[in-house]
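Please look over the sequence and the model shown here before reading on. The paragraphs below lead from a single residue to the chain as a whole and then back to its details.

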Amino acid sequence: MSSSDSDKDARSRRRKPRVRKPLDAVTLRDLALSYVARFATSGAKLEAYLHRKIRERGVAGGDDADDGEAPQLDVNGIVEQMIDLGYVDDEAYAKARSRDLMARGFGARRVNQALYAAGIDESIRGDQEPSQAAARRAVILLARKRGFGPFSRKDVDPKSRDKHIAAMLRAGHDFAAARAIVDAESQEEIEEWLAEAEEEESGETGLW
């Protein structure tokens with residue numbers, strides 16, 4: 001065999017995918033610990049992750065079962081254990097996720113959708129409903145970033161106005177807020193609009 005063929009064989013062996021062993025209770029728990037150490041997550045997301053790993057790798061001893069049924073791994077028990085240890089906290093996850101999305105300019109509806117997708121309970125989702133001032137701060141942030149309404153560097157024609165409204169609606173903001181942005185005569189008017197909500201909320205005028 002030539003050195004070229006030998007090199008090809010060596011590269012082929014290196015590229016061969018590693019076969020992962022089927023899971024047992026210990027390795028599944030280790031996967032859970034590794035996952036919660038790397039990612040902020042909810043109980044439902046952790047449960048979905050563990051079930052996916054079981055589908056991908058199978059269960060140790062499953063092929064040897066006398067009755068044809070594979071051993072069952074206690075996914076729910078592992079998730080509950082992670083919750084009891086404080087490694088998974090749906091309420092803390094919801095608060096952090098909501099704060100992150102609002103800070104990126106998303107509105108209440110998109111926040112609720114994201115939490116629903118993460119399996120967050122309705123009662124916890126309801127607690128994350130933003131105040132009017134917070135909702136206005138988020139839509140103003142989006143308008144600044146995207147150049148909507150008076151933040152645009154050019155005149156906004158009717159077609160552009162409709163596109164700006166549609167974009168804000170897709171980001172989870174309500175129609176009233178989107179219209180307030182595009183109908184504002186100036187950035188100062190928008191700042192006053194925000195200050196009104198902050199004053200109602202705190203009793204004193206806030207600054208953007």
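Does leucine 169 count as buried or partly exposed? At 28% relative accessibility, leucine 169 counts as partly exposed, where buried means under 20% relative accessible area, exposed over 50%, and partly exposed in between, with a 1.4 Å probe and protein chains only. The model is a predicted one, in which local features need pLDDT of at least 70 and side-chain atom pairs count only at pLDDT 80 or more, whereas totals for chains, interfaces and linings use all residues. Residues are numbered from 1 along each chain as its sequence is written, and side-chain values use heavy atoms, with hydrogens and water left out.

The protein chain holds eleven helices and zero strands, helices being DSSP runs of H or I of at least four residues and strands runs of E of at least two, numbered from the N terminus. Of its 208 residues, 34% count as buried. The accessible surface of the chain comes to about 13600 Å², and 46% of this belongs to carbon and sulfur atoms; such areas come from the Shrake-Rupley method with a 1.4 Å probe, and for residues only the protein chains shown count as cover. Among the contacts in the chain with a separation of 6 or more, 65% are accounted for by residues 24 or more positions apart, a contact meaning heavy atoms within 4.5 Å.

Leaving aside neighbours within four places in sequence, leucine 169 is in contact with Arg109, Asp174 and Phe175. Helix α9 also contains histidine 164, which counts as buried at 12% relative accessibility. Not counting residues up to four places away in sequence, histidine 164 touches Gly147, Phe148, Gly149, Val156 and Val182.

Val182 leads on to helix α10 (residues 175–183), whose buried residues are Ala177, Ala178, Ile181 and Val182. Seen down the axis of α10, these buried residues fall within an arc of 130°, so they line one face of the helix; the arc is that of the directions from the helix axis to the C-beta atoms. The buried residues of α10 pack against α8 (132–146), α9 (158–170) and α11 (187–202). At the start of α10, a side-chain oxygen of aspartate 174 reaches to within 3.3 Å of the backbone nitrogen of alanine 176.

Helix α11 has 16 residues and reaches 22 Å from its first C-alpha to its last, close to the 22 Å expected at 1.5 Å a residue, the expected span being 1.5 Å times one less than the number of residues. Its buried residues are Ile190, Trp193, Leu194, Ala195, Ala197 and Glu198, and the buried residues of α11 pack against α8 and α10.

Two loops deserve a look as well. Glycine 105 is found in the loop between α5 (90–103) and α6 (108–117), and it is buried, with a relative accessible area of 0%. Its C-alpha is 4.6 Å from that of leucine 142, 37 residues apart in sequence, and glycine 105 touches Ala138, Leu141, Leu142, Ala171 and His173, not counting residues up to four places away in sequence. Proline 130 has its place in the loop between α7 (122–127) and α8, where, leaving aside neighbours within four places in sequence, it is in contact with Met102, Ala108 and Ala135. The C-alpha atoms of proline 130 and serine 98, 32 residues apart along the chain, are separated by 8.7 Å.

Finally, a search of the whole structure finds two aromatic pairs, in which rings of Phe, Tyr and Trp (its six-membered ring) pair if their centres lie within 6.5 Å, planes under 30 degrees apart counting as stacked, over 60 as edge-to-face and the rest as tilted. Tyrosine 35 and phenylalanine 39 form a tilted pair, 5.1 Å centre to centre with 50° between the planes. Tyrosine 35 and tyrosine 49 form a stacked pair, 4.1 Å centre to centre with 20° between the planes. Tyrosine 35 lies in helix α2 (residues 25–38) and tyrosine 49 in helix α3 (residues 43–57), so the pair ties together parts that are 14 residues apart in sequence. Tyrosine 35 is buried at a relative accessible area of 12% and tyrosine 49 is buried at 8%, whereas phenylalanine 39 is partly exposed at 40%.

Technical notes. A polar contact is a pair of N or O atoms within 3.5 Å; within protein, one must be able to donate a hydrogen and the other to accept it, and residues adjacent in sequence count only if both atoms are side-chain atoms.
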